[in-house]
Amino acid sequence: MRLKSPRHLRVAAHAELISLIVLLANVFTVHLKPVSSLTGPTHGCAYLFVVIATWRFGRAPAAAKVVALVPGVGGLLALRQLAPGAPARGRTEGVIPS
């Protein structure tokens, strides 16, 4: 199954980041167990979805697949590399040597 657009990946990447922020804020402040029991699995599922969706995305370069493994911000970093206007590393087209 190939994704037609990274829209699902974008939603999961944001859910991963937001759930991690809520989880860490809860741990470092009031530490409510119901919040932890809700956001922990949410973050885990979003993380797994980001990793699997990035690896299955047909146009994903190897760097995007590796960076998707970073918990929390990996999905957003992978989306940045998958963006249509993202400059490819190693290209020197249009660069004027000085």
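**Helix 1 against helix 2**

Hi everyone, let me start with a helix pair: helix 1 and helix 2 pack with their axes 8 Å apart, at an angle of about 150 degrees. The crossing of helix 1 past helix 2 is left-handed. On the helix 1 side, the contact includes Leu9, Ala12, Glu16, Ser19, Leu20 and Leu23. Helix 2 brings, among others, Val35, Thr39, His43, Ala46, Tyr47 and Val50. Please keep in mind that this is a predicted model.

Now for the whole chain. Of the 98 residues, 28% count as buried. The accessible surface comes to about 6,900 Å², and carbon and sulfur atoms hold 69% of that. If you take contacts between residues at least 6 apart in sequence, 54% of them join residues at least 24 apart.

Let me pick out two residues. The first topic is histidine 43, which sits in helix 2, residues 33-56. Is histidine 43 buried or exposed? Its relative accessible area is 12%, and because that is under the 20% cut-off, histidine 43 counts as buried. Beyond its neighbours within four places in sequence, histidine 43 touches Glu16, Ser19, Leu20 and Gly72.

My other pick is valine 27, in helix 1, which covers residues 7-28. Valine 27 has 37% relative accessibility, and because this lies between 20% and 50%, the residue is partly exposed. Together with Leu24 and Phe28, Val27 makes a nonpolar surface patch of about 310 Å².

That's my tour, and I'm happy to take questions!

Key
Residues are numbered from 1 along each chain as its sequence is written. This is a predicted model: local features need pLDDT of at least 70, side-chain atom pairs count only at pLDDT 80 or more; totals for chains, interfaces and linings use all residues. Side-chain values use heavy atoms; hydrogens and water are left out. Helices (H or I, at least four residues) and strands (E, at least two) are DSSP runs, numbered from the N terminus. Buried means under 20% relative accessible area, exposed over 50%, partly exposed in between (1.4 Å probe, protein chains only). Contact means heavy atoms within 4.5 Å. Patches are made of residues with over 30% relative accessible area and no salt bridge: like charges are joined within 9 Å, nonpolar side chains (Val, Leu, Ile, Met, Phe, Trp, Tyr) within 5 Å. Accessible areas come from the Shrake-Rupley method with a 1.4 Å probe; for residues, only the protein chains shown count as cover. A salt bridge is a side-chain nitrogen of Lys or Arg within 4 Å of a carboxyl oxygen of Asp or Glu. Axes are lines fitted to C-alpha atoms, for helices over the stretch in contact, and angles run from 0 to 180 degrees between N-to-C directions. A crossing is left-handed if the near helix is turned anticlockwise from the far one by less than a right angle, and right-handed if clockwise.
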